[in-house]
Every structure is written in C-alpha cells, then in structure tokens.
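Morning, everyone. I have one structure to show, so let me put it on the screen.

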Amino acid sequence: MSRDPYIIFLNAQGNAFFVVAAWAGAVLGPMFIMATFGDLSGSGFYLGVGLSTFPLLAIRYGTKALSRGNRLDFVVYALITTLMLLASVAHMLLYPVFWFGGT
C-alpha cells in the first residue's frame with residue numbers, strides 16, 4: 001500500500017463517512033420504521049429500511065475485520081454500531097411519546 005499522505009487522507013475520510021452513516025442509520029432507521037406503525041407501503045418505512053442497511057453492512061464489515069485480526073475496526077464498526085442500534089430500539093420502545101408525540 002502506498003504511504004502517500006493524500007491516499008491516506010482519502011481512505012480515512014471514506015472510513016469516517018461510512019462510520020457516521022452507519023451510526024446515523026442505527027439511530028434514524030428504526031425510528032422511521034417504527035413511526036409507520038405497520039404501514040409497509042409508506043415512504044417512511046422504505047426510508048427506514050434504507051437507513052437500516054448501513055448499520056447492518058457496518059456490523060458485517062466489523063465481524064469480517066475481527067476474523068482478520070483487526071480489533072479496532074471490530075469495535076468501531078460492529079460493537080459500537082450494535083450498541084447504538086439496540087439503544088435506539090430500546091429507547092423507542094420504552095419512551096414512544098418522546099419520539100412520536102402523543103401517539
């Protein structure tokens with residue numbers, strides 16, 4: 001691998017974008033899915049499914065990184081993303097009025 005600073009910067013920038021997209025999808029994806037309350041034809045449901053694919057891809061990448069021996073990528077991509085996803089779903093189930101108003 002080349003040690004050109006520009007290449008290193010671009011790789012770091014791409015990884016950071018993927019992590020932020022995965023973390024945002026972990027919080028916002030379940031919110032859009034749960035906001036539809038069973039309406040599987042609404043645009044909110046499709047947006048939630050689309051946003052939920054980013055955390056699933058990040059978790060998959062993190063588990064593959066662990067099998068390659070890269071623990072830091074596992075923690076960032078899989079462990080933190082899974083914890084954020086579980087915390088988001090748990091918070092929405094425990095406090096639905098906070099997310100959805102008086103529904």
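I will go through confidence, then one threonine, then the aromatic rings.

First, confidence. This is a predicted model. The mean pLDDT of the protein is 83. Of the residues, 84% score at least 70. Which element has the highest mean pLDDT, and which the lowest? Helix H2, residues 43–67, has the highest, at 91. Helix H4, residues 96–100, has the lowest, at 67. Where pLDDT is low, the predicted coordinates should not be read in detail. Keep that in mind for helix H4, with its mean of 67.

Now the threonine. Thr 81 lies in helix H3, which spans residues 71–94. Is Thr 81 buried or exposed? Its relative accessible area is 1%, and the cut-off for buried is under 20%, so Thr 81 is buried. Next, the contacts of Thr 81, leaving aside neighbours within four places in sequence.

On to the rings. A pair of aromatic rings is described by the distance of the centres and the angle of the planes. How many aromatic pairs are there? The count comes to 3. Take Phe 45 and Tyr 46. Their centres are 5.7 Å apart and their planes are at 65°; edge-to-face needs over 60 degrees, so this pair qualifies.

Another pair is Tyr 61 with Tyr 77. Here the centres are 4.7 Å apart, with 80° between the planes, and the pair is edge-to-face. This one links distant parts of the chain. Tyr 61 sits in helix H2, Tyr 77 in helix H3, and they are 16 residues apart. Tyr 61 is partly exposed, at 32% relative accessibility. Tyr 77 is buried, at 3%.

Which residues do ring pairs link into a cluster? Phe 18, Tyr 61 and Tyr 77. Tyr 61 also has a charged neighbour. The charged end of Arg 68 sits over the Tyr 61 ring, 5.6 Å from the ring centre.

That's it from me.

Note on methods: Residues are numbered from 1 along each chain as its sequence is written. This is a predicted model: local features need pLDDT of at least 70, side-chain atom pairs count only at pLDDT 80 or more; totals for chains, interfaces and linings use all residues. Side-chain values use heavy atoms; hydrogens and water are left out. pLDDT is the predictor's confidence in each residue, from 0 to 100. Helices (H or I, at least four residues) and strands (E, at least two) are DSSP runs, numbered from the N terminus. Buried means under 20% relative accessible area, exposed over 50%, partly exposed in between (1.4 Å probe, protein chains only). Contact means heavy atoms within 4.5 Å. Rings of Phe, Tyr and Trp (its six-membered ring) pair if their centres lie within 6.5 Å; planes under 30 degrees apart count as stacked, over 60 as edge-to-face and the rest as tilted. A charge sits over a ring if NZ of Lys or CZ of Arg is within 6 Å of the ring centre and within 35 degrees of the ring normal.
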